[in-house]
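Please read this briefing alongside the sequence and the three-dimensional structure shown below.

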Amino acid sequence: MIEKNSISVAKDPRSPLKKFMGISGSGVFIALIIWIVLVCILSPIVNPAGNGFNVATNIISVLKQQTYIGIVACALTLVIITGNIDLSVGSMLTLTACVCASLVQYGFAAAVFGTILVGALLGLVNGILVSGLQLNSFITTLGTGSIYGSFAIIYCSGGSIVPPSLAAFEFLGKGSVGIIPMPVIILAVVVAIFAFVLMKTVFGQRLYVIGANPVAARYSGISARRDMALTYVFTGAAVGLAAVIMVANVMSAKPQAASGKEMEIIMAVVLGGTSIMGGKGTILGTVLGFAFIGFLANGSTALGLNQYLQWVIMGIILVAALSADIMKEKGVVLPWKKSK
Amino acid sequence: MEKKQVTALGGVNYRKLLVDNNSAVILLILLVVGVFGIDKFIKTFPSVVVQASLYGLLAVGLGLVMITGNIDLSVGYQAGLAAVVTVMVLNATGSLAIAVVAALAAGALCGVLNGFVVTQIGVSPLIATIATNYIFKGLTYAKTSTGSYSPTDNSLKDTLKALYDFKVVDGSKFMTLTVLIVAVIFILLLFVLRKTRYGNSVYITGDNVEAGEYAGIHTKRVAMITYILCGILCALAGVFMASRSGGAQYTQGDGMDVLAVSICVIGGIKMTGGKGTMVHVLMGLFIMRIITNILNLVRVEATYMDLTSGILLIAVLIIDRFTSRKKA
């Protein structure tokens, strides 16, 4: 057994295809390509009057639609890599959006940096509860999610907040440089930052160790608690940034703005090959994950499927993708094949 | 839990007893506050019981799943889907009995799907049930997108409504058929978990899968069955929900997953599995319903319900955290 391993380290005997499949996120990449090809072929048939499915313009519109999900998903990847979860991101996004809308009147800097700061503080609360007090992250963030959600409703007193117009602020959501919309540029910057943090910094490497083996992390002198708290603060700050773009785009905020979005965000991260058990995951995978969810909705619309059918299809594809991932990894034998 | 914890000195460790039953203490405080501090609390209590029966079914089902160490975040839309199936079959056949059976079968199917993906394939239960939730949600919305989906015939609608309104004991406010059914199911599950082989294996599965396997327990099958039972119980809740409002509504399943998880955790079911009984679920259920009722009676907005449940969730976690550290 040991010999076999040492050989495989020296020279990978697997075929290139198998090697590619071994990379986390490769499954969702293939699924993404298949889905886009399928939509390209089917959309002229379903809707002969239309111009078909233009991949280039749709990539940009999908990325623009997915901006807030993408920004938060990148930060949440760090949290999930350490083996925790944050279910409060949806409510946090709503609350920070409401705060942002009311801060616009104090100027650009207040609206942008104030919101990010508020987000970071909300994240810090999660971080203190989860890593400081070492509470179960699932239930803790479920609880803080309820609390943040109610704060948002109380803050907006039931209605919606419409900020005064502010050109510089609105540019963040509605403007574009050349053909690329501003939100997509911000998303690209955020993706680059988080990819750099995760791959090239010691902090990023520590997160993998904490997620893969908390005990080993402690013995090798890693301050897991501080790092875990930091991932929550980063997530909060990212949520704040996402809220800024969201408000700048629609110029209003209401208490239902992003309810339930946490599920979509978690799905994006997990689809990209990040293990919910921690210790494994990449930003590239997360990018593919939220792109896939975006294209799923976008392509379904092109095919003329209604929202409800989209959910059903999305659910089925998610279950299939997750199952395929697990079966690939563990070599699961299905019960009806066991007898052989 | 029943045995009194005895310290080395031979006295009863009251502190530990108190901490182990923190949900009972919270419930007691709420009852005292309600009975002595709030007007009309006793008068409105029967309605609390009737309301609790609906949420109780979801929470009991989820509780079973949680004892095995898994989770089900799709309970709300399993109920929603069952409500849609009830109305659909009622429209097609005109028979309430067939409709109920079909709804329960649909719930069982949902449970099979969840159970298969989680136990046989091994997808993380949290992620798997978020994914299946999209399927159930989509199917529910497909029929209820216009707001509600009611039986086409008015007499059928009356038949459906009669199920929820039916009183077992004439003149009694809370002995409705739903409460009776829920009570019977509750006692049955209490017995199954405590006294039967299967109940034992549920706890072992949650406590230590490996030990369970060595002891010859099919832990995967045990966990699978809890998902199926959960699906059936959710479906029953869905039938009652449809019956209460005379049709299926798209809002019915919304937010129920969080509510059910809150009920179980506040009651004392642990996320890690292997701990908690149906009594805990019942306590969690009444804590949540009584808080809602008290807030209603003092005319506080519904928003504060979410706020209180969030705070309560974290409070319960913190109490658990500091008491379990003492044990170690």
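This is a predicted model: local features need pLDDT of at least 70, side-chain atom pairs count only at pLDDT 80 or more; totals for chains, interfaces and linings use all residues.

Residues are numbered from 1 along each chain as its sequence is written, and chains are lettered from A and ligands numbered from 1 in the order in which they are written.

**Chain B as a whole**

- Chain B contains 14 helices and two strands; these are DSSP runs numbered from the N terminus, with helices being H or I of at least four residues and strands E of at least two.
- The radius of gyration of chain B, 20 Å, is close to the 20 Å that the globule rule gives for 328 residues, so chain B is as compact as a globular protein of that length (the radius is taken over C-alpha atoms, and the rule is 2.2 Å times the number of residues to the power 0.38).
- The C-alpha trace of chain B spans about 70 × 55 × 35 Å along its principal axes.
- Of the 328 residues of chain B, 52% count as buried, that is, 20 or more other C-beta atoms lie within 10 Å of the residue's own, with C-beta atoms placed from the backbone.
- Among contacts in chain B between residues at least 6 apart in sequence, 74% join residues at least 24 apart; two residues are in contact if their C-beta atoms, placed from the backbone, lie within 7 Å.

**Contact between the chains**

- In chain B, 36 residues are in contact with 39 residues of chain A.
- Helix 5, helix 6 (125-144), helix 12 (256-267) and helix 14 (303-327) of chain B each supply at least two residues of the side that touches chain A.
- Helix 6 of chain B gives the most to this side, with 13 residues.
- The residues of this side of chain B divide into 24 nonpolar, nine polar and three charged (Ala, Val, Leu, Ile, Met, Phe, Trp, Tyr, Cys and Pro count as nonpolar, Asp, Glu, Lys and Arg as charged, and the others, Gly among them, as polar).

**Helix 3 of chain A**

- Helix 3 (residues 26-46) of chain A has 21 residues and reaches 30 Å from its first C-alpha to its last, close to the 30 Å expected at 1.5 Å a residue (the expected span is 1.5 Å times one less than the number of residues).
- Its buried residues are A:Gly27, A:Val28, A:Leu32, A:Val39 and A:Ser43.
- The buried residues of helix 3 of chain A pack against helix 14 (261-271), helix 15 (283-302) and helix 16 (307-330) of chain A.

Terms used
A residue is buried if 20 or more other C-beta atoms lie within 10 Å of its own, exposed if 12 or fewer, and partly exposed in between; C-beta atoms are placed from the backbone.
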